Amino acid sequence: MAVAESPDQVADSFVRSPHKLLIDGEWVQAASGKTFATLNPATEETLTEVAHGQAEDIERAVRAARKAFADDSPWRRMNASDRGRLIWRIADLIEQHGDELAMLESLDNGKPYGVARVADVPLAADLFRYMAGWPTKIEGSTVPISALPAPGEYLAYTLREPVGVVGQIIPWNFPLLMAAWKLGPVLACGCTVVLKPAEQTPLSALRLGELLQEAGLPGGVVNIVTGFGDAGAALAAHDDVDKVAFTGSTEVGKLIVKASAGNLKKVSLELGGKSPNVVYADADLDAAITGAANGIFFNHGQCCNAGSRLYVQKGVFDDVVNGVAEVAKGIKVGPGTDADVQMGPLISDEQFEKVLGYLDSGHEAGAESIVGGARHGNRGYFVQPTILTNTHNDMKVVREEIFGPVVCAIPFDSPEEIVPIANDTNYGLAAGVFTRDISKAHRTAKRLRAGTVWINTYHVFDAAMPFGGYKESGWGREMGSQVLNNYLETKSVVTAL
């Protein structure tokens with residue numbers, strides 16, 4: 001009897017295999033023949049080489065997506081029930097290969113294998129399952145014509161139709177999950193897509209491409225082009241792309257908007273954040289400490305919705321901050337593939353230097369690190385879990401997104417003052433509120449300018465809950481029924497009877 005391979009053996013086998021582009025249902029080399037290295041951020045060593053897609057490859061992929069969207073294509077002829085069943089099969093395959101996918105995330109992104117296995121992979125499968133129910137429920141409505149002299153002589157109704165060819169660009173912090181967030185709804189709506197994964201983390205998207213084929217997805221419906229920013233720019237600017245969806249930094253999001261202006265393609269953006277986490281004096285402090293630590297240290301702080309501004313009411317400030325510091329001191333930092341590791345490395349040398357630069361800036365401005373504040377070890381892109389005190393809202397570390405395991409802890413006096421302070425940011429992605437007074441909690445949540453507000457918890461997601469931001473945190477929503485609006489057109493039809 002053959003011995004089953006372990007998850008790391010299966011993942012290692014995939015890592016060592018050739019990594020090509022998925023275009024029109026075929027795995028092909030980049031037009032240039034070039035490849036690029038993807039690194040293990042825990043060791044700074046090359047994992048493997050991946051096809052280097054560029055503008056010519058984007059052109060090929062868009063043509064394939066356009067062909068797959070033609071009226072007579074197998075995809076467009078597929079009925080809604082069959083489309084839903086196909087999406088459900090994708091979820092099943094993600095679950096079946098969960099160990100392997102989690103290991104690929106750990107190797108390529110650096111996150112702990114255990115975290116990827118219990119969070120990233122199940123949430124990705126759940127997203128596809130949720131979206132599998134939508135194809136049969138996308139419907140228009142009849143509309144009474146009431147403004148004309150003879151309203152009964154007309155039949156008016158609306159249709160909801162797929163927007164067409166979609167360009168999707170995803171980030172490196174949750175590679176598999178972000179691919180699911182993007183692909184699930186686009187498939188539910190019946191669109192076709194060109195997906196451009198982050199150059200730092202292409203592996204799980206490529207493996208997902210194989211699973212899409214195994215599920216029976218027709219060729220050209222999902223095309224995957226690995227590459228750098230020039231490939232993303234070519235996708236955003238392409239005149240035969242009807243819509244672009246981007247998750248990433250606000251800075252790049254603004255470039256996406258400019259690039260999309262040529263044919264006025266539709267745009268949705270899930271961008272950065274500098275989320276406030278408010279702890280009132282009457283909070284359950286154990287829950288608040290756990291929530292505050294999870295809010296900033298989960299996924300190494302590389303979360304757009306991280307609770308990176310911790311506002312604690314005076315009277316309990318020291319208790320909460322000291323409690324979070326104790327959590328930080330107990331976090332085991334190391335390679336994500338190690339069984340007992342709780343926090344892995346940052347994604348890249350660039351991100352590593354950026355976070356250390358913010359720490360230097362904060363210290364120079366008078367901030368104090370009560371825990372952490374420096375590099376961890378001397379190999380890999382590891383940064384210590386850090387709490388900065390003696391900070392204020394005019395500091396760079398308080399105003400700008402750090403995207404690392406760094407939280408600024410700031411005391412406040414009264415409930416009346418905290419909401420304006422919390423809202424004093426260009427961002428509006430998420431927020432947290434901790435209090436035993438449920439009325440105060442909901443009053444605060446209503447006044448906070450954020451797309452998601454967690455009360456007495458943090459980082460709770462569900463495929464049925466919309467996610468997105470106010471202000472410079474983006475346009476549109478991911479997940480829930482609202483995400484379908486990103487990928488559907490509404491057509492009005494009026495008939496004289």
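In strand E12, Leu310 is the bridge partner of Asn277. Strands here are DSSP runs of E with at least two residues, helices are runs of H or I with at least four, and both are numbered from the N terminus. Together, E11, helix H11 (residues 285-297) and E12 make a right-handed β-α-β unit; right-handed means that, with the strands pointing away from the viewer, the path from the first strand over the helix to the second runs clockwise.

This is a predicted model, in which local features need pLDDT of at least 70 and side-chain atom pairs count only at pLDDT 80 or more, while totals for chains, interfaces and linings use all residues. Residues are numbered from 1 along each chain as its sequence is written, and side-chain values use heavy atoms, leaving out hydrogens and water.

## Strand E12 and its other neighbour

E12 and E15 run parallel too, joined by 5 bridges, and Tyr311 stands opposite Ile410 in E15. In E12 (residues 309-313), 5 of 5 residues are buried, meaning under 20% relative accessible area with a 1.4 Å probe, protein chains only (exposed is over 50%, partly exposed in between). One side holds Arg309, Tyr311 and Gln313, and the other Leu310 and Val312.

## The whole sheet

Now let's step back. The open sheet has 7 strands with mixed pairing, in the order E13-E14-E15-E12-E11-E16-E17; two strands pair if DSSP finds at least two bridges between them. Its edge strands are E13 (368-371) and E17 (452-455), each pairing on one side only.
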